[in-house]
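Here is my note on this structure. Please keep the 3D view open as you read.

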Amino acid sequence: MRWWKILGLAGVAGVAATGVVIARAERRRQAYTPEEIRARLRARLEESSGELSRDSAEPVPRSVGPADQTP
């Protein structure tokens with residue numbers, strides 16, 4: 001019966017550790033001001049737009065899914 005107690009304590013410790021990780025990530029996410037978020041999003045948009053304009057000359061490969069395969 002003693003190993004059940006150890007297993008329970010390990011579970012509680014795991015839940016607490018997960019909560020700490022989530023709280024840190026949330027705190028880090030909320031540390032940005034709206035202006036910083038806008039600037040980062042605009043930079044990402046410009047970066048992805050540049051990649052699209054460079055890649056537009058190359059054909060996009062079509063992925064074959066299960067519905068596209070013939071038996």
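1. In which helix is the place of Glu-36? Glu-36 sits in helix 2, residues 34–55. Helices here are DSSP runs of H or I with at least four residues, and strands are runs of E with at least two; both are numbered from the N terminus.

2. This is a predicted model: local features need pLDDT of at least 70, side-chain atom pairs count only at pLDDT 80 or more, and totals for chains, interfaces and linings use all residues. Residues are numbered from 1 along each chain as its sequence is written, and side-chain values use heavy atoms, with hydrogens and water left out.

3. The chain has two helices and zero strands. Of its 71 residues, 0% are buried. Buried means under 20% relative accessible area, exposed means over 50%, and partly exposed lies in between (1.4 Å probe, protein chains only). The chain's accessible surface is about 7100 Å². Carbon and sulfur atoms hold 62% of that surface.

4. Back to Glu-36. Its relative accessible area is 38%, so Glu-36 is partly exposed. A polar atom of the Glu-36 side chain lies 2.9 Å from the backbone nitrogen of Thr-33.

5. Now look at Thr-18, in helix 1. Thr-18 counts as partly exposed because its relative accessibility is 46%. The Thr-18 side chain reaches the backbone oxygen of Gly-14 at 2.9 Å.

6. Trp-4 is also worth a look. Trp-4 belongs to helix 1, residues 2–30. Why does Trp-4 count as exposed? Because its relative accessibility is 51%. Trp-3, Trp-4 and Leu-7 make a nonpolar surface patch of about 400 Å². Nonpolar side chains (Val, Leu, Ile, Met, Phe, Trp, Tyr) are joined within 5 Å, like charges within 9 Å.

Technical notes:
Patch = residues over 30% accessible without salt bridge, like charges linked within 9 Å, V, L, I, M, F, W, Y side chains within 5 Å. Areas by Shrake-Rupley, 256 points an atom, 1.4 Å probe, with all protein chains shown as cover. Salt bridge = Lys/Arg side-chain N within 4 Å of Asp/Glu carboxyl O. Polar contact = N/O pair within 3.5 Å; in protein donor to acceptor, adjacent residues only side chain to side chain.
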